[in-house]
Amino acid sequence: MRRRKLPPPGGPIERRRRKLELEEHEPPPVDLISTLPDELLGEIISLLQIKDAARTQILASRWRRLWRSTPLNLDCCHLFSIKDEDMSYLCPSLVLSAHPGPGRRFCLTTNSSMTTPTLDHWLRSAALDNLQELEFARHGFTSPVPASISHFAHSLRVANIRHCTLQDAAVQGLHFPQLKQLGLECVHVSESSVHRLIAGCPALEFLLILSSSGFHSLRINSLSLRKLCIRTSGSTQPQFGELIIENAPRLESLIHLYKIWRIGDLSVYTAPKVDALDFLADLKGFRQGTSSHVNFATFFLLNARMLELMTFHIEASIYSDEFLVEQRKRLQLDNRASRGARIRFTTASGQHAVWSTKHLGEFDLNDDPFTCRC
């Protein structure tokens, strides 16, 4: 009778046995998320989309109260896109009635079928008390902004208003002492009202105006404004044509998208801290004799004694040594006021992806406007 040979020490059977013994003595895995304090978990929940934030209630008994005790972040665009019948309870009315508040962010894009009483009811909900961020859009210039927006006058810090009309009566009493960022996109507002609105935001640091109409001149008088960004469009709607910086002692950068102004359309009186003028337009016609581009650049080259850098973004198809020689003559570079100024022609893609910029949230207040994101 043959004896069965034992496996050599350290073989696969022995290694498996040792692994099982080690696993038996290992401590159970630690749920690191559950060890976090309620305050931090609530902050995480407030950053989630509403459908995901509400779902956290099913994780454990501890999580059931966290969503209702966390400042509400309600983006109705996400709610309207939900097709799951199991999530039908997440309609805006039910969310606003289920959450006790306060509100952190409310994003609402409505269509023509949305009635003003419904909007007023939502905006006056206790769930939105002390709201900090508001994004509101009503498709169509004839749709007014509800007067109940004043409900957030003393708490709002960021406001982005799009595709609607700001009526004079609604703007008359608006005052936002805490507002730091204001965006107006495709908004129809009178000249007196746009100036009254800016004056009613004494803490405003960033003003973004995109393709808006109803005013010809924009006068900036703000002791707090740091960045001003404007984009005009080629539409047939009346666009403002004159920018006057009357008093902006903290203004650091001015960005203008799409259209080059004539020199007479831009006046700066008091803005001692401006260190970045960023005028972006299609320079494809620069070689074809478009004098407005040349005149605008030459004005600064011949008069700006502290100029450090001027950058031109040129299409690659027209970039050549002959092109550079021609532009050097046209811009009178040998006569520039600041002898140390650097002039750069580049074919890199546009700064900040500005051609597709549509929302206030796409800008960073502290970004360097001359940083290319190629």
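Visitor: Are Glu135 and Arg162 buried or exposed?

Guide: Both residues are buried. One thing to keep in mind as we go is that this is a predicted model.

Visitor: Noted. What do Glu135 and Arg162 form with each other?

Guide: They form a salt bridge, with the closest N and O atoms 3.1 Å apart. Glu135 sits in strand β3 (residues 133-138) and Arg162 in strand β4 (residues 158-166), so the pair links distant parts of the chain, 27 residues apart.

Visitor: How many salt bridges turn up in the whole structure?

Guide: A search of the whole structure finds eight. One of them joins the side chains of Arg105 and Asp75, at 3.7 Å from N to O. Arg105 belongs to strand β2 (residues 103-110) and Asp75 to strand β1 (residues 72-75), so this pair ties together parts that are 30 residues apart in sequence.

Visitor: And how accessible is Arg105?

Guide: Arg105 has a relative accessible area of 21%, so it is partly exposed. Asp75, on the other hand, is buried, with a relative accessible area of 8%.

Visitor: Which residue does Glu246 meet in a salt bridge?

Guide: Its partner is Arg219, and the side chains come to 2.3 Å, N to O. Here strand β9 (residues 242-247) supplies Glu246 and strand β7 (residues 217-221) supplies Arg219, so parts 27 residues apart in sequence are tied together. Glu246 is partly exposed, with a relative accessible area of 26%. Arg219 is partly exposed too, with a value of 35%.

Visitor: Which residues are linked in a network of salt bridges?

Guide: That network links Lys180, Glu205, Arg226 and Glu252.

Visitor: Let's switch to cysteines. How many disulfides are there?

Guide: The count comes to zero.

Visitor: OK, helices now. Which residues of α9 are buried?

Guide: In α9 (residues 191-199), the buried residues are Ser193, Val194, Leu197 and Ile198. They cover an arc of only 135 degrees around the axis, which puts them on the same side of the helix.

Visitor: What covers the buried residues of α9?

Guide: The cover includes β4, α8 (168-172), β5 (181-189), β6 (206-210) and β7.

Visitor: Nice. Which residues are buried in α2?

Guide: Those are Leu41, Gly42, Ile45 and Ser46. Seen down the axis of α2, the buried residues fall within an arc of 140 degrees, so they line one face of the helix.

Visitor: What does Ala341 touch, leaving out residues up to four places away in sequence?

Guide: It touches Leu307, Glu308 and Arg336. Ala341 and Arg305 are 36 residues apart in sequence, while their C-alpha atoms are 8.9 Å apart in space.

Visitor: Last one, the overall picture. How many helices and strands does the protein have?

Guide: It has eleven helices and 14 strands. Of the 374 residues, 44% are buried. The protein exposes about 20600 Å², with carbon and sulfur atoms supplying 53% of that. Among contacts with a separation of 6 or more, 64% are between residues 24 or more positions apart.

Terms used: Residues are numbered from 1 along each chain as its sequence is written. This is a predicted model: local features need pLDDT of at least 70, side-chain atom pairs count only at pLDDT 80 or more; totals for chains, interfaces and linings use all residues. Side-chain values use heavy atoms; hydrogens and water are left out. Helices (H or I, at least four residues) and strands (E, at least two) are DSSP runs, numbered from the N terminus. Buried means under 20% relative accessible area, exposed over 50%, partly exposed in between (1.4 Å probe, protein chains only). Contact means heavy atoms within 4.5 Å. Accessible areas come from the Shrake-Rupley method with a 1.4 Å probe; for residues, only the protein chains shown count as cover. The arc is that of the directions from the helix axis to the C-beta atoms. A disulfide is a pair of cysteine sulfur atoms within 2.5 Å. A salt bridge is a side-chain nitrogen of Lys or Arg within 4 Å of a carboxyl oxygen of Asp or Glu.
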